[in-house]
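The report below is written for reading beside the model, with the sequence at hand.

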Amino acid sequence: MGPKVVVIGAGVVGAALVDELSARGWTDITIIDQGALPAAGGSSSHAPGLVFQVNSAKVMTKLAGYTVRRLGELDLDGQPCFLPVGSIEVATSPARLAELHRRHGWATSWGLDAQILSPEQTAARHDLLDPTVVLGGLYVPTDGLAKPVRTIEAQLRLARARGVAVLDRHEVTAVRTEGGRVTGVVTDRGELAADIVVCCAGIWGPKVARMAGIELPLTPLAHQLAWSTPLPELAGATTEATRPILRHQGADLYLRERDDRIGVGYYGHDPMPIEAEDIASPADAPVMPSVLEFTPNDYAPGWADAAALIPALRTAGVAEGMNGLFSFTPDNMPLLGESARVRGFWVAEAVWITHAAGAARAVAEWLVDGFCSSFNLHECDLNRFEPHQLSPAYVRAKDCQNYVEVYDALHPLEPMLDPRPMRTSPFYPRQAGLGGYFLEALGWERPHWFEANAGLLDRYPVRRPNDWAAMHWSPIVGAEARATRDGVAMFDMTPLKRLEVTGPGAATFLQWLTTGNVDTAVGRVTYCLLLDADGGIRSDVTVARLGPARFQVGVNGNLDLDWLTRHLPGDGSVGVRDITPETCCVGVWGPRARKVVQSLTTDDLSNDALRYFRCTTTYVGTSPVTALRLSYVGELGYELYTTADCGLALWDALWAAGQPFGIIAAGRGAFNSLRLEKGYRAFGVDMTYEHDPYEAGLGFAVKLDKEDFLGRDALVKRSGTAPVRLLSCLTLSSPAEVVLGKEPVYEGDACVGHVTSGAFGHTIDRAIAYAWLPAELAAPGRRVQVGYFDRRFDAVVSAEPLVDPGMSRLRG
Ligand SMILES: Cc1cc2nc3c(=O)[nH]c(=O)nc-3n(C[C@H](O)[C@H](O)[C@H](O)COP(=O)(O)OP(=O)(O)OC[C@H]3O[C@@H](n4cnc5c(N)ncnc54)[C@H](O)[C@@H]3O)c2cc1C
């Protein structure tokens, strides 16, 4: 039976969700839609249903893969819900052909069968393409066409048969809450009580969420789609579609067949955002609420490009067109999960048809089991956003940028351009003065290197890496890395989120939530993990005990704040606060770090007084500082935290005191290289929820012999079995090549894993790539290859860490 659930919205997402939930035995469910079902007037009612599974994000490919499987099983009175016609992404320029190879790499990494086609093979698979303009294609045989309205009806039928109530023509007008919990919904035709409300309202999501007092970072944008007049080339078609669906990203286009016509979708026009509150109601909308009037002038360039690709369109015209609305988010990922502010209010928003069945399964598992075991939802979690990312100005600007860039070939470091800057550390003016090259991460301005360090290149010559690795890069990165290991450097660590956990119950609370023994003496620091109930890694954290009832916890992002807050005991004995904005941090690292910092404090910083993984409070110059003896770059040194008002004084004091020791400011580029040399994993990149600590090489951070902690049971169950995959260190044979992350790893012709992080190790003169590999291949010395665009790089599994395995530099 399960709890009382109300699902708002019966588009592809809501309908799939009630199917999945009821299949798991929850049946006290009502699904409500304001429109007339099955085509209630949302995006699902008019979308052409192209399903392309390739995505740079593994989770998106996996969600799409489930959709393909699920829709393939479904039918409505014998009519299929999925037409498996395959897909081809075409390239008409060398740059796009290269991008197809990168996309082929992602597909291969995520286990999706995909093939690069020659121009002849591309034309042979799709006879309407002009063979003279196509340079190649990416073919995915299992892609195809979803039939969204049919799918909605099929899934609602299944759900109804299991007892789910389906109410169409009911508009939800309010969401009831009490004491921070949802209690029900109000419709124009009466009220319903609920323990759980799931918002699947698509483009109306922000409006419905606001009824519960929640801001959703989602913008409805109009997108153009038109259907051609009948084509003689398709006359007499007896099947809706037989040819592969097409994407022509270089011209912002996608295309599909429908009987004797071609549908052409176009993203090339200026963004057309709209407020959720301004969308017409089903009664007032001329066609349907999600369809706005077609604007042919905006569409004309797209049609011309489509005709250049498909000669048959040159004599055809546009028979019907629309500006159809659907949802964009600041990182192009869906919004899934329970609100942090209103318990019991869940969302499944900004989900394409492509990912709908997968997203529904994910949310159903999460609701019923308390966590999702089929998919790694780290990048989809509703609560991942920083406060500034919820501002209407940011959401609108970023969502519009994402619309424009939806088919662009983007570099992994591609920054947002406007608005900038949004978040700056107190050191920003000094960093700008040193010629910092700033990129943006979670709103923070992060210097990747400093032009002021160009002179170091005389001492440390640096080789230029391959094309993509040389973007957002300078040889100064390498010089900064080497200068850090030889001398001392200041790294701005302010953007790394930190929480203060206080109260009489704080130690017990953190003992329960972490894998480490954090209930230690004041002044100790513990590196450990947060785990899911199934033993998956939620985060890696650094817990510093600053007082009997006060801890500073270095975390990875807003989801950690959410995780800790969710698990707080109800008795008020523990408080959690994000102290990131009011504090700042500079890492002073390198063999001369102690000399610099010691010259600014009267407290003893010798090895005996402040050992590795210890912390203390002191003054550095005039600034009150919490000093943690740690280093993410594997060198002697300290993370020095102070309040934001004292940050500039701290920086200036260190800078002045460091001059005799040759101190430099070093950027993120050097940092990333140094951390990989030392084998330090980055959560969210190298390991996430889908990995356990032993596979990730973090077993040392798990203390199974302490009292019970969240995730322990799952780990104990696994402890007898050896991991089947391992996060492994590869070094590339050629020093000229650097990979970016997400590339496939091959043994012979078989893809055996994928790269997580890549960088050049400047102090070891070798390119490094961390990669997930089957355990039997993870032995040092094993030779593999890394796929990089259309090339393969020889690599070898290497013993890690590559630098200072004896830890003498850190403990020195
Ligand atoms: C032109 C166009 C082409 C597209 N092409 C593709 C494609 O080829 N492939 C692909 O994967 N995706 C495509 N998409 C995107 C896709 O259509 C959407 O992402 C998807 O349909 C969203 O499904 P949904 O269930 O979240 O929302 P919807 O289908 O919009 O459903 C939301 C439902 O909520 C109901 N609702 C809202 N507010 C209330 C309320 N207050 N009370 C009761 N009910 C309410 C609405 O009536 C609606 O039925 C396209 C979108 C457009 C516009």
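What follows describes the nonpolar cores, the ligand and its surroundings, and several individual residues and backbone features.

**Basis of the description**

This is a predicted model, in which local features need pLDDT of at least 70 and side-chain atom pairs count only at pLDDT 80 or more, whereas totals for chains, interfaces and linings use all residues. Residues are numbered from 1 along each chain as its sequence is written, and side-chain values use heavy atoms, with hydrogens and water left out.

**Nonpolar cores**

A nonpolar core is here a set of buried Ala, Val, Leu, Ile, Met, Phe, Trp, Tyr and Cys residues joined through side-chain atoms within 4.5 Å; buried means under 20% relative accessible area, exposed over 50%, and partly exposed in between, with a 1.4 Å probe and protein chains only. The largest nonpolar core has 54 residues, and the members that touch the most others are V7, L17, V59, V198, L336 and L377. Two or more residues of this core come from each of β1 (5–8), α1 (12–23), β2 (29–32), α2 (58–73), α5 (148–161), β15 (196–199), β23 (345–349) and α8 (353–369), where helices (H or I, at least four residues) and strands (E, at least two) are DSSP runs numbered from the N terminus. The greatest contribution to this core is that of α8, with 10 residues. Once neighbours within four places in sequence are left aside, L377 is in contact (heavy atoms within 4.5 Å) with V59, L336, A362, W366, C372 and Y689. Another core, of 32 residues, lies apart from the largest one and has I32, V185, L192 and A209 among its members.

**The ligand and its shell**

There are 36 residues around the ligand, and of these D33, S44, L50, V351 and T354 come nearest; a residue is counted as near when one of its heavy atoms lies within 4 Å of the molecule.

| Residue and atom | Ligand atom | Distance |
|---|---|---|
| V13, backbone N or O | oxygen | 3.1 Å |
| S44, side-chain N or O | oxygen | 2.4 Å |
| L50, backbone N or O | nitrogen | 2.8 Å |

Taken alone, the ligand exposes 1000 Å², of which the protein buries 97%; these accessible areas come from the Shrake-Rupley method with a 1.4 Å probe, and for residues only the protein chains shown count as cover. The elements that supply two or more residues to the shell are α1, β16 (219–228), β21 (318–328) and α8, and the most come from β21, with 3 residues. By residue type, the shell divides into 21 nonpolar, 13 polar and 2 charged residues; in this division Ala, Val, Leu, Ile, Met, Phe, Trp, Tyr, Cys and Pro count as nonpolar, Asp, Glu, Lys and Arg as charged, and the others, Gly among them, as polar.

**A buried lysine**

K147 is placed in the loop between β10 (144–146) and α5, and it counts as buried because its relative accessibility is 18%. The side chain of K147 makes a polar contact with the side chain of E240 at 2.8 Å; such a contact is a pair of N or O atoms within 3.5 Å, where within protein one must be able to donate a hydrogen and the other to accept it, and residues adjacent in sequence count only if both atoms are side-chain atoms. With neighbours within four places in sequence left aside, K147 is in contact with P80, C81, L83 and E240.

**Backbone features in loops**

The peptide bond from R420 to P421 is cis, with omega near -20°, and P421 sits in the loop between α9 (392–404) and α10 (428–433). A cis peptide bond also joins E800 and P801, with omega about -5°, and P801 is in the loop between β42 (791–797) and α18 (808–811).

D77, although not a glycine, has a positive phi of about 50°; this residue lies in the loop between β4 (75–76) and β5 (79–80) and is exposed, with a relative accessible area of 61%. F613, likewise a residue other than glycine, has a positive phi near 65°.

**Helix α16**

Helix α16 (residues 668–678) has 9 of its 11 residues buried, so it is largely enclosed by the rest of the structure. The helix is followed by G679, whose phi is positive, near 80°.
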